[in-house]
Amino acid sequence: MTLLLTKIFLKSSIQKMGDQYDLANKKGFKTKLTLYGILILYLLAVVALLSYGLIDNFKSINQETTFIGLILVLVTGVTLIQTIFSSINLLYFTKDTEAILPLPLKPHQIILARTNVIILVGYIVNIIIGLIPLVIYGIMLNCGVWYYISVVLTLLILPILPIVLVSLLVMIIMSFSKITKNRNRFQLFATIIVIALVIAFSIFITKIEGDTITDEQMTQMLSQANSMVDIIKGYFPTLQYAIDAVLSSSIVSGLIEFLKLIGFTAIAYLLYVLLAQKLYFKGLIGNLYSGSK
């Protein structure tokens, strides 16, 4: 049932996007499709060229593995930002909400389906900013088969934790929506609050990581080959496991790191589902039946 709901919600989201961009208009459909295709190809070319240049520069100072860390940090950061906007819309401001609530569905099924759509939307962006640069890295450094497998698996698992953290934060804030008199204004307010909290969290994590490394340690790390990546690992809870899994030269050690990544993410996801069942429907019902649009 969860997979079926995910399919329905995803189709509804695609239809909503089509309505926003007027893709149902057959006259302009081919033109718009061509323009979007050219834009995507242009973005792919820009990402590829930038990736090639960065990898080449890092290789010249024996810090090429830093590129892996930077890309995975970028994937995490973009996922956080994207989820702030997509989670509010996909969780609370969809046309199918009123039709879904009366159906005999379990709360966790609706929550899992909504979250799955957010995760799938995140994957689309990660293909451009994550998969393509890391594939170019593998080609330039002649990496083995395990590298490409670990890259795909990591990009599938790594975005889940940022998504559930932001979604849970959105649910906490939206649970107060029943006290508002204007839903659109509260949506803007909730978005600003979530952005502020995510920025504060990022600054806090970065400050902690920076305070643990002295200037002498920094100088020593910069003089060692492929050591700059160690500075990046502490910027997000699961980044260390993800980076180590991709950079591991041994399949066994890579699998161990990947299992750590899965375990940490699975625990966070389970806690998210348990907490979301208590929070999500408060905000959903309050958003539907209180205040004006």
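Let's start with salt bridges, where a side-chain nitrogen of Lys or Arg sits within 4 Å of a carboxyl oxygen of Asp or Glu: the count here comes to one. Glu-257 and Lys-260 make it, at 3.4 Å from N to O. These two are three residues apart in helix H12 (residues 251–289), so about one helical turn separates them. Helices are DSSP runs of H or I with at least four residues, numbered from the N terminus.

Keep in mind that this is a predicted model, where local features need pLDDT of at least 70, side-chain atom pairs count only at pLDDT 80 or more, and totals for chains, interfaces and linings use all residues. Residues are numbered from 1 along each chain as its sequence is written, and side-chain values use heavy atoms, leaving out hydrogens and water.

Now for the rings. Phe, Tyr and Trp rings (the six-membered one for Trp) pair if their centres lie within 6.5 Å; planes under 30 degrees apart are stacked, over 60 edge-to-face, and the rest tilted. The count is five aromatic pairs, including the stacked Phe-67 and Tyr-137, 6.1 Å centre to centre with 5° between the planes. Phe-67 is in helix H3 (residues 66–92) and Tyr-137 in helix H5 (residues 107–140), so this pair ties together parts 70 residues apart in sequence. Tyr-147 and Tyr-148 pair edge-to-face, at 5.3 Å and 80°. Ring pairs link these four, Phe-67, Tyr-137, Tyr-147 and Tyr-148, into a cluster.

How covered are some of these residues? Buried means under 20% relative accessible area, exposed over 50%, and partly exposed in between (1.4 Å probe, protein chains only).

| Residue | Relative accessibility | Class |
|---|---|---|
| Glu-257 | 15% | buried |
| Lys-260 | 39% | partly exposed |
| Tyr-147 | 5% | buried |
| Tyr-148 | 28% | partly exposed |
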